[in-house]
Amino acid sequence: MQRSRIAGIGYYVPKNVYSNNDLSRFMDTNDEWIQERTGIKERRFADRLEETTTTMGVEAAKIAIERAGITAQEVDFIIFATLSPDYYFPGCGVLLQREMKMKEIGALDIRNQCSGFVYALSVADQFIKTGMYKNILVVGSEKHSFAMDFETRSRNVSVIFGDGAGAVVLQPTQNENQGILSTHLHSDGADAEILAMYYPGASANKWLKDKPGYPDKELGGLFMTTEQLESGAALPYMDGPAVFKKAVVKFPEVIKEALSANNLTEKDIDMLVPHQANLRISQYVQQLLGLSDDKVFNNIQKYGNTTAASVPIALCEAWEEGKIKEGDLVCLAAFGSGFTWASALIRW
Ligand code: UT7
């Protein structure tokens, strides 16, 4: 069966840089805490009015498409991963199709948060392998800044996340020594609520007995009272230490799963590109797998955690810096809300 390969890759980050000290103007936090606990020095925030998750995705996609040597009209399927869509519905895939004046091709949105890009890549890989599509655009993009609360009550969340986008074009290859070797997807919903944004949603408090919910109406009810909004009910929630503990187990597990599925070992990895959740998580995984510094790529220091965009942005930067060369074994791995986690092994 034919394999799929990354034929073009690009990324886009907004020009507005916010340092840790900038954030301490809005909330009780400081550079020392943020750097020590997360490794983050600064992040980018999109222009409030001009930039959206879709427009950033378009900028990354333009570069990926050009590098793949095709035009936007030749893309035959779009997969868009995000947790911060422009609209509750429709998804960003169709907005990107409109903005890039593409043909009336299929557009699929993926809502798998931090592992969204690796999930999207896996879906694209299946479509290429079966021969259904030849040029799939896979995008991961986030405009977190629109939904974050920059008050002290949310400091454990809002100092971590940043905005940006990454994209790849996947094409078939007949070269047996190149392309995506395998992808591995997992989920466990047992702790779905410990890293989540509950509202707006249709649960009407079914899962959230002790949290403020919607008015108790016989029909409808997608209205929040001012009190509920002010209480922070519609803000992202994260139990950071609990997520951290799970992440450091699942990252190595899913990386080892990918290696053993291909009869490879940690020693064969040329570059590990982990989801940029926390520098301490990456360093722990690196140590556990016995990888040297030049075999793990991190850029959370500059961009924070960009969720579905973090893997393609990091992959693209690593490649642009000449740290990934033809024939290299590249491992992508991600873990996040859901929980969902995933890995991909690529022969570059
Ligand atoms: O990408 C999606 C998946 N997400 C993750 O993988 C995130 C995983 N978790 C983490 O990265 C870490 O748990 C955090 C970076 C979120 C937090 O670091 P931590 O070392 O686990 O800190 P903590 O939440 O246990 O908080 C320790 C202290 C608390 O104060 P007290 O109760 O000890 O007095 C917090 O209130 O740090 C305080 N704190 C802060 N202080 C200054 C929390 N956030 C901040 C802040 N600035 N921004």
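Reply: Happy to! A cavity here is a set of grid points where a 1.4 Å probe fits but cannot get out, and lining residues have an atom within 4 Å of a point. Keep in mind that this is a predicted model.

Me: Thanks! How many cavities of 30 Å³ or more does the search find?
Reply: The search of the whole structure turns up 1. The volume of the largest cavity is about 30 Å³.

Me: Which residues line the largest cavity?
Reply: Its lining consists of Gln276, Asn299, Ile300, Tyr303, Gly304, Thr306, Ser310 and Ile313. At least two of the lining residues come from α10 (300–303), and at least two from α11 (310–320).

Me: And how do they divide into nonpolar, polar and charged?
Reply: There are 3 nonpolar and 5 polar residues, with no charged ones.

Me: Switching topic: in what order do the strands of the open sheet run?
Reply: The 5 strands follow the order β1-β7-β6-β4-β5, with mixed pairing. β1 (3–12) and β5 (106–110) are at the edges with a single partner strand each, so one side of each has no neighbour in the sheet. On average, neighbouring strands are turned by 20° against each other, ignoring direction.

Me: What about β6 and β7, parallel or antiparallel?
Reply: They run antiparallel, and 7 bridges join β6 (residues 136–142) to β7 (residues 164–173). Leu137 stands opposite Val169 in β7.

Me: Which strands does helix α3 touch?
Reply: Helix α3 (residues 53–67) packs on the sheet and touches β1, β4 (77–81), β6 and β7. Its direction makes about 125° with that of β1.

Me: And helix α5, which strands does that touch?
Reply: Helix α5 (residues 116–129) also packs on the sheet, touching β1, β4, β5, β6 and β7. The direction of α5 makes about 170° with that of β6.

Key: Residues are numbered from 1 along each chain as its sequence is written. This is a predicted model: local features need pLDDT of at least 70, side-chain atom pairs count only at pLDDT 80 or more; totals for chains, interfaces and linings use all residues. Side-chain values use heavy atoms; hydrogens and water are left out. On a 1 Å grid over the protein atoms alone, a cavity is a set of points where a 1.4 Å probe fits but cannot get out, and a pocket is an open set with protein on both sides within 12 Å along at least five of seven lines; lining residues have an atom within 4 Å of a point. Grid points are joined across faces, edges and corners, and a volume is the space filled by probe spheres set on the points. Helices (H or I, at least four residues) and strands (E, at least two) are DSSP runs, numbered from the N terminus. Ala, Val, Leu, Ile, Met, Phe, Trp, Tyr, Cys and Pro count as nonpolar, Asp, Glu, Lys and Arg as charged, and the others, Gly among them, as polar. Two strands pair if DSSP finds at least two bridges between them. Axes are lines fitted to C-alpha atoms, for helices over the stretch in contact, and angles run from 0 to 180 degrees between N-to-C directions. Contact means heavy atoms within 4.5 Å.
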